[in-house]
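Here is a protein chain to look at. Each term will be set against its cut-off.

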Amino acid sequence: MAATTRAAVTGNATAAASSCVLLKTPFALKRGSNAALSFNDGRRLSRRLFSCKAIYNPQVQIKQEGQPETLDYRVFFEDTSGKKISPWHDIPLKLGDGVFNFIVEIPKESSAKMEVATDELYTPIKQDTKKGKLRYYPYNINWNYGLLPQTWEDPSFANSEVEGAFGDNDPVDVVEIGDARGKIGEVLKVKPLAALAMIDEGELDWKIVTISLDDPRASLVNDVDDVEKHFPGTLTAIRNWFRDYKIPDGKPANKFGLGNRAASKEYALKVITETNESWAKLVKRSIPAGDLSLL
């Protein structure tokens with residue numbers, strides 16, 4: 001099937017300077033006004049791709065290659081010059097005042113299991129596969145689902161607060177509960193409200209519950225109790241959905257730590273901070289990357 005290419009602008013953001021982690025240890029800046037950034041292992045990367053201006057000014061475009069629901073379908077991210085960037089590494093996490101960027105992988109009321117390809121160059125979004133076949137959830141997910149950029153759940157770290165479970169080697173997952181249906185690759189400004197500590201086959205897989213700042217009820221919800229008040233039953237529904245979605249495939253239900261309850265906004269912010277720090281160590285090569293792409 002012939003490949004198609006489409007582009008769309010996904011958003012504007014001005015980020016806090018504290019998120020400019022990529023300019024630190026993994027790169028060495030050569031002397032001279034036209035210098036390029038170099039990795040410590042000798043590879044070179046253009047200054048523009050990882051400059052604060054490029055990352056913090058993003059009118060980011062998405063470029064779709066291939067046909068949806070095929071094995072070769074990819075959603076790439078580009079900066080304003082048309083250069084490919086990584087949604088995981090190059091979109092800033094923090095926007096200041098408790099607001100974060102959230103990248104939609106799976107729009108609400110859809111079932112194709114889309115995810116950032118953490119082992120591919122520029123980490124595009126693709127549909128997950130199993131044994132060479134495209135993966136789908138057994139039923140639609142009822143919320144926008146995706147990731148927090150510049151976070152990583154370290155598989156070498158055992159979390160003593162969650163049954164000693166190790167991280168799942170992925171960016172942190174986000175469940176966005178607003179009314180609007182997002183689009184694949186859309187970048188939304190969200191505020192965290194709660195955290196669920198899902199344990200999937202022994203691995204810790206955080207779910208950060210958020211709401212888009214564009215949602216009409218965003219001003220009403222600022223913590224876990226507000227979710228129960230203004231979105232009654234939603235936290236239980238999220239937990240039950242992720243607990244049970246593997247059962248139709250003959251697998252056991254997933255478990256949840258922290259007393260099987262949603263933790264507070266304060267705890268969610270703690271998770272975000274810790275996983276952002278883990279990501280920073282990853283991109284600085286302080287932790288082995290294995291098959292993960294750091295570009």
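Q: Why is phenylalanine 242 called buried?
A: Its relative accessible area is 1%. Buried means under 20% relative accessible area, exposed means over 50%, and partly exposed lies in between (1.4 Å probe, protein chains only). So phenylalanine 242 counts as buried.

Q: What kind of model is this, and how are its residues numbered and its side chains treated?
A: This is a predicted model: local features need pLDDT of at least 70, side-chain atom pairs count only at pLDDT 80 or more, and totals for chains, interfaces and linings use all residues. Residues are numbered from 1 along each chain as its sequence is written, and side-chain values use heavy atoms, with hydrogens and water left out.

Q: What makes tyrosine 245 buried?
A: Its relative accessible area is 8%. The limit for buried is under 20%, so tyrosine 245 is buried.

Q: How many aromatic pairs does a search of the whole structure find?
A: The search finds eight. Rings of Phe, Tyr and Trp (its six-membered ring) pair if their centres lie within 6.5 Å; planes under 30 degrees apart count as stacked, over 60 as edge-to-face and the rest as tilted.

Q: What makes the pair of tryptophan 206 and tyrosine 267 tilted?
A: The two rings are 5.9 Å apart, centre to centre, with 50° between the planes.

Q: Why is the pair of phenylalanine 242 and tyrosine 245 called edge-to-face?
A: The ring centres are 6.2 Å apart and the planes stand at 90°. The centres are within 6.5 Å and the angle is over 60 degrees, so the pair is edge-to-face. Phenylalanine 242 and tyrosine 245 also belong to one aromatic cluster with Tyr137, Tyr139, Tyr145 and Trp241.

Q: How do you know that a charge sits over the ring of tyrosine 267?
A: The charged end of lysine 270 is 4.7 Å from the ring centre. A charge sits over a ring if NZ of Lys or CZ of Arg is within 6 Å of the ring centre and within 35 degrees of the ring normal. Arginine 217 does this with phenylalanine 231, at 3.9 Å from the ring centre.

Q: Which elements cover the buried residues of α5?
A: The cover includes β8 (94–96), β9 (99–106), β16 (144–148), β19 (172–176), β20 (187–200) and β21 (203–212).

Q: What makes asparagine 276 buried?
A: Asparagine 276 is in helix α5. Its relative accessible area is 11%, which is under 20%, so asparagine 276 is buried. Not counting residues up to four places away in sequence, asparagine 276 touches Leu93, Lys94, Gln150 and Thr151. Contact means heavy atoms within 4.5 Å.

Q: Why is threonine 123 called buried?
A: Its relative accessible area is 0%, so threonine 123 is buried. Threonine 123 is in the loop between β11 (114–116) and β12 (125–127).

Q: What makes the link between threonine 123 and serine 86 a polar contact?
A: Their side chains are joined at 2.6 Å. A polar contact is a pair of N or O atoms within 3.5 Å; within protein, one must be able to donate a hydrogen and the other to accept it, and residues adjacent in sequence count only if both atoms are side-chain atoms.

Q: Why is tyrosine 122 called partly exposed?
A: Its relative accessible area is 22%. That lies between 20% and 50%, so tyrosine 122 is partly exposed. Tyrosine 122 has a positive phi of about 70° although it is not a glycine.

Q: Why does lysine 131 count as exposed?
A: Its relative accessibility is 80%, which is over 50%, so lysine 131 counts as exposed. Lysine 131 is in the loop between β13 (129–130) and β14 (133–134).

Definitions and conventions. Helix = DSSP H or I, 4+ residues; strand = E, 2+ residues; numbered from the N terminus.
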